[in-house]
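This report examines selected parts of one protein model. Please consult the sequence and the structure while reading.

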Amino acid sequence: MGLTKLYPTLLAYLAHMRRLQIAVIGYNKDRCTEAASKAAYEVGSEIAKAGAVLVCGGLGGVMEQACRGAKENNGTTVGVIPQDDFSYANRYCDIVICSTIGFARDFIVAASADGIIAVGGGVGTLIELSAGYMMKKPMIAIKESGGTAAEYGGKFLDERKRVEIMVSEDSKQAVEIILDKLKGSNNNAGLGYDSLSDIT
């Protein structure tokens with residue numbers, strides 16, 4: 001089949017493929033450090049540039065900075081908030097899901113992601129990593145961001161060794177590693193039209 005005949009077929013295939021969803025997890029507003037804020041913004045920017053969708057807990061701190069980075073680079077953001085009121089979400093969320101289930105929403109964030117990037121964080125971040133671990137999601141921690149990311153990066157969460165939490169030195173590398181891990185997975189996901197020029 002010639003290229004001219006193949007191109008419409010490729011476009012039709014991409015039109016039915018959902019976009020990759022990458023979760024960014026980490027510190028809430030009350031404990032977010034300057035280093036974590038900067039890393040989160042850069043992660044959000046890189047996710048948007050890659051043409052993937054950013055998924056997060058929708059509140060402040062790492063979540064807000066990641067969403068801001070994505071929005072300022074024409075990305076799409078989804079916030080899964082614990083409350084029942086849209087107003088709790090940060091202003092950079094395109095889509096807000098009011099889970100109404102408090103901390104249990106951490107499981108929805110993890111389950112809704114093809115891959116997970118941890119930036120700092122406390123026990124809520126550890127819950128999301130644990131859920132991702134049980135589901136064998138590719139996960140990466142930006143070690144320099146501190147908190148849970150620094151504590152658990154490079155480790156397995158238990159003796160079953162389901163999936164190692166990989167380590168990255170910076171945000172750009174974190175997104176590149178996640179995308180590389182997802183490249184061969186059979187999850188009916190792609191990067192959407194944003195990256196169409198990269199494959200032609």
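Predicted model: local features only at pLDDT ≥ 70, side-chain atom pairs only at ≥ 80, totals over all residues.

Thr 76 belongs to strand β4, which covers residues 76-81.

Which residues does Thr 76 touch, not counting residues up to four places away in sequence? They are Arg 19, Val 53, Leu 54 and Asp 94. Thr 76 and Ile 95 stand 19 residues apart in sequence, and their C-alpha atoms are 8.3 Å apart in space.

## Strand β2 and its partners

Strand β2 is largely enclosed by the rest of the structure, because 5 of its 6 residues are buried. It runs parallel to β3, and 3 bridges join the two strands. In this pairing, Ile 22 has Leu 54 of β3 as its bridge partner. Between β2 and β3 the chain passes through α2, and this β-α-β crossover is right-handed.

Strand β2 also runs parallel to β6, to which it is joined by 5 bridges. Here the bridge partner of Ala 23 is Ile 116 in β6.

## The covered helix α3

Helix α3 spans residues 62-71 and is mostly covered, with 7 of its 10 residues buried. The buried residues are Val 62, Met 63, Gln 65, Ala 66, Cys 67, Gly 69 and Ala 70.

What covers these buried residues of α3? The covering elements include the strands β2 (21-26), β3 (53-56), β4 and β6 (115-119), together with the helices α2 (34-50) and α4 (105-111).

In soluble globular proteins, nonpolar side chains tend to be buried together. The largest nonpolar core of this model has 34 residues, of which Val 24, Val 43, Ile 47, Leu 54, Ile 117 and Val 119 touch the most other members. At least two residues of this core come from each of β2, α2, β3, α3, β6, β7 (139-142) and α7 (171-183). Helix α2 gives the most, with 7 residues.

Another core, of 19 residues, lies apart from the largest one, and among its members are Val 80, Ala 113, Ala 131 and Ala 149.

Technical notes. Residues numbered from 1 in each chain as written. Heavy atoms only, no water. Helix = DSSP H or I, 4+ residues; strand = E, 2+ residues; numbered from the N terminus. Contact = heavy atoms within 4.5 Å. Buried < 20%, exposed > 50% of the residue type's maximum accessible area, 1.4 Å probe, protein only. Core = buried A, V, L, I, M, F, W, Y, C linked by side-chain atoms within 4.5 Å. Pairing = 2+ DSSP bridges. Right-handed = clockwise from strand over helix to strand, strands pointing away.
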